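Colleague: I have not looked at this one before. Can you take me through it?

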Amino acid sequence: MLLKKRPTHCYRIAKTFLVTLFLSLNVEAAIKVEGLESDLTDAITSQSPLNDAACDAPAWWLEKQVETTLELTLQLLESQGYYRPYIQHVLTIDDCWHVTFSISKGVPTKIRSLDLQGLDGLFDKNLPTSLKQGEHFFHRDYETFKSNLVDFARSQGYLDAAWDTNKVTIILPDTATDDTQVFADIELHFNAGDQYVLGEINHNLGHINKDFVDKFHDLKRGQPFARDALDKAYRHLNATGYFSSLNLLPDYENITQHEVPMTIDGTLSRRRIYEIGAGYATDSGPRTRGEINWRRINTRGDRARLAAVQATHNAEFSLEYRRADADDPRNRWTSYISAYEYDQPDTYRREKTSVTANQYQRTELGWTKSNVIQYSNEIWRIGNTLGDTRLLSIGQGYQRNQVEGKGRLHSGTTYSGSWRAAAQSIG
């Protein structure tokens, strides 16, 4: 709500209509604004009703649209905190018309007093630096502050947050000079209301273990109904790959005792994904590849992947089974991999089979730690020399991904390091 206390003559507009009748060739209609920044100039020229005026528009209609443009200019300047502008315009009509507005914004409005109540230290960090006593008053900052504070409060569970009082009084002295100061008195009384909490959490997720799915998020009944907690739960659930569509739906119509019930609604993705491809490489010739991914093997969400690559002189086959930790599936999981590799170029032949167990742990700092144990058996032949190598090795690795962008990532960096060791005495 905006209250203004302004005298009858709150601004001075010098109107000068110069109408000259003579013939002139190649003249087009034009609006020119002098004395303002480019953004205000563009706003006036783009919103003025004179934009579409024809060259032969009648003088009386042009004068009316000039008056409308003057009112528009005053509104735009007031939105920037300038209530004492000086505007002069010249309208010239010959074969076509053109008008020039010469504008001086005057003295900016200063915030004389700021009565801000009801924050109680909860939302002070959202107070913009420009909305302070003695600073330049901008309607944009004032309205942005009001809407941002209400939005922030509601995002923290204060669903009834609103302004009990939001008033600006503009003080325009009766006697005005070019340097007469204009003041703004701001009165803002905020009412956050009671904080709502999360109520009963229901599921509509199809054939998957609901208790297991709940371990991928931190939502609990009775916690504050905060938007960032819901967003975080959505990201973690969506990252499982179990769902082709997912929604967290608060039930605002059935709120009781400031508890908001919620339903986790999702459509399960297809259990299996098939991939097939073909290509050519200069070192191996034609090649084909195929892969099958099981996104869910059982109601607990176990996964598996079967991959094969076949080329003229080499082949690779692998089978991986992944099982999430029963207590913390979001941050801990184990994978078991069986693999076979075969190479037979012109100079040697090699076959390798391996069995690997990997235990993964995601740390609080964003790193993924892996503990590895592997048994491998490699048989090779170079000319008439045969070899058989058996290794039981252990190792550890760390990896961290940093990405930019949401939805579609546009850049990122991966950091990784690992070590592996084997003892001859144990294989």
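Modeller: Start with Thr-45. Setting aside neighbours within four places in sequence, Thr-45 is in contact with Ile-31, Val-33 and Asn-51. Bear in mind that this is a predicted model.

Colleague: Which helix is Thr-45 found in?

Modeller: Thr-45 is part of helix α1, which covers residues 38–47.

Colleague: And which backbone oxygen atoms lie by a polar atom of its side chain?

Modeller: The backbone oxygen of Thr-41 lies 3.0 Å from a polar atom of the Thr-45 side chain. For the backbone oxygen of Asp-42, the distance to a polar atom of that side chain is 3.1 Å.

Colleague: Zooming out, how many helices and strands are in the protein chain?

Modeller: The chain has 5 helices and 20 strands.

Colleague: What share of the residues counts as buried?

Modeller: Of 427 residues, 34% count as buried. The accessible surface of the chain is about 25,400 Å², and carbon and sulfur atoms hold 49% of that.

Colleague: Pockets next. What volume does the largest pocket have?

Modeller: About 430 Å³. Its lining consists of 19 residues, and those nearest the centre are Ala-239, Arg-330, Asn-331, Trp-333 and Arg-362.

Colleague: How do the lining residues divide into nonpolar, polar and charged?

Modeller: The lining has 6 nonpolar, 5 polar and 8 charged residues.

Colleague: Which element gives the most to that lining?

Modeller: Strand β15, with 3 residues. Both β15 (314–324) and α5 (227–238) supply at least two residues each.

Colleague: Where is the place of Gln-257?

Modeller: Gln-257 is in the loop between β10 (243–250) and β11 (259–268). His-258 is in the loop between β10 and β11 too.

Colleague: Is Gln-257 buried or exposed?

Modeller: Gln-257 has a relative accessible area of 76%, so it counts as exposed, the cut-off being over 50%.

Colleague: And why does His-258 count as partly exposed?

Modeller: Because the relative accessibility of His-258 is 30%, and partly exposed covers values between the 20% limit for buried and the 50% limit for exposed.

Notes. Residues numbered from 1 in each chain as written. Predicted model: local features only at pLDDT ≥ 70, side-chain atom pairs only at ≥ 80, totals over all residues. Heavy atoms only, no water. 1 Å grid on protein atoms, 1.4 Å probe; cavity = no way out; pocket = protein on both sides within 12 Å on 5 of 7 lines; lining within 4 Å. Points joined across faces, edges and corners; volume = space filled by probe spheres on them. Helix = DSSP H or I, 4+ residues; strand = E, 2+ residues; numbered from the N terminus. Nonpolar A, V, L, I, M, F, W, Y, C, P; charged D, E, K, R; others polar. Buried < 20%, exposed > 50% of the residue type's maximum accessible area, 1.4 Å probe, protein only. Areas by Shrake-Rupley, 256 points an atom, 1.4 Å probe, with all protein chains shown as cover. Polar contact = N/O pair within 3.5 Å; in protein donor to acceptor, adjacent residues only side chain to side chain. Contact = heavy atoms within 4.5 Å.
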